[in-house]
Amino acid sequence: MRLPRSLSGWTMAVFGVLAAALGVVGLVAPDALLTVMGFEPVPEGGRADGDHTLVFLTASSMAALNMGVYYVLAALADWKSFFRWTVPFRLLTCAVFTLAVVTGRAPAGFLGVGLWEGLGAVVTGLALRFEKRAAPGAEAPA
């Protein structure tokens, strides 16, 4: 069994597994995912004509599944450049999702999604910084 080879790789692998799992939940049980994110599911047959919530949930769940797999594969390859690229974009995602809650576009429960992204970005960034400082030939911290 192959495992990540670095601390930053582990942060990416954990995030990837969670993203993939939530993507699967969204594809298999969309109402369960809506509930976890703080949205109230609409009963069967209760959606208005033109309500495309489930279409968008299917698309975002598939994207989460794919992204999760990409993150796990990058973790197994210890692709540090990819890890670094994700940090600012995950922080941006945190900001956008948090702003959605603050401005009333999303329920308070959705804040957890933004915080999950932000915390994951910070942890990955710190792991990358630690590894860079601990690398052979790196200058010792002052």
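**View 1. Surroundings of F15 in the predicted model.** In this predicted model, F15 touches M67, Y71, R90, W116 and E117, once residues up to four places away in sequence are set aside. F15 is also one of the residues of the largest nonpolar core, which is the subject of the next view.

**View 2. The largest nonpolar core.** This core has 11 residues in all, namely M12, A13, F15, Y71, A74, A75, F82, F83, V87, A121 and L128. Two or more of its residues are given by each of the helices α1 (7-28), α3 (53-77), α4 (80-102) and α5.

**View 3. E117 in helix α5.** Helix α5 spans residues 111-134, and E117 is found within this helix. With a relative accessible area of 8%, which is under the 20% cut-off, E117 counts as buried.

**View 4. Spans annotated as transmembrane.** According to an unreviewed UniProt entry, the annotation "transmembrane region" covers residues 54-73, 85-102 and 108-128. In the model, residues 54-73 are 100% helix and 0% strand, and the C-alpha atoms at the ends of this span lie 28 Å apart. Residues 85-102 are likewise 100% helix and 0% strand, with 27 Å between the end C-alpha atoms.

Methods
Residues are numbered from 1 along each chain as its sequence is written. This is a predicted model: local features need pLDDT of at least 70, side-chain atom pairs count only at pLDDT 80 or more; totals for chains, interfaces and linings use all residues. Side-chain values use heavy atoms; hydrogens and water are left out. Helices (H or I, at least four residues) and strands (E, at least two) are DSSP runs, numbered from the N terminus. Buried means under 20% relative accessible area, exposed over 50%, partly exposed in between (1.4 Å probe, protein chains only). UniProt positions are given in the numbering used here, feature names are shortened, and annotations may be inferred rather than shown by experiment. A nonpolar core is a set of buried Ala, Val, Leu, Ile, Met, Phe, Trp, Tyr and Cys residues joined through side-chain atoms within 4.5 Å. Contact means heavy atoms within 4.5 Å.
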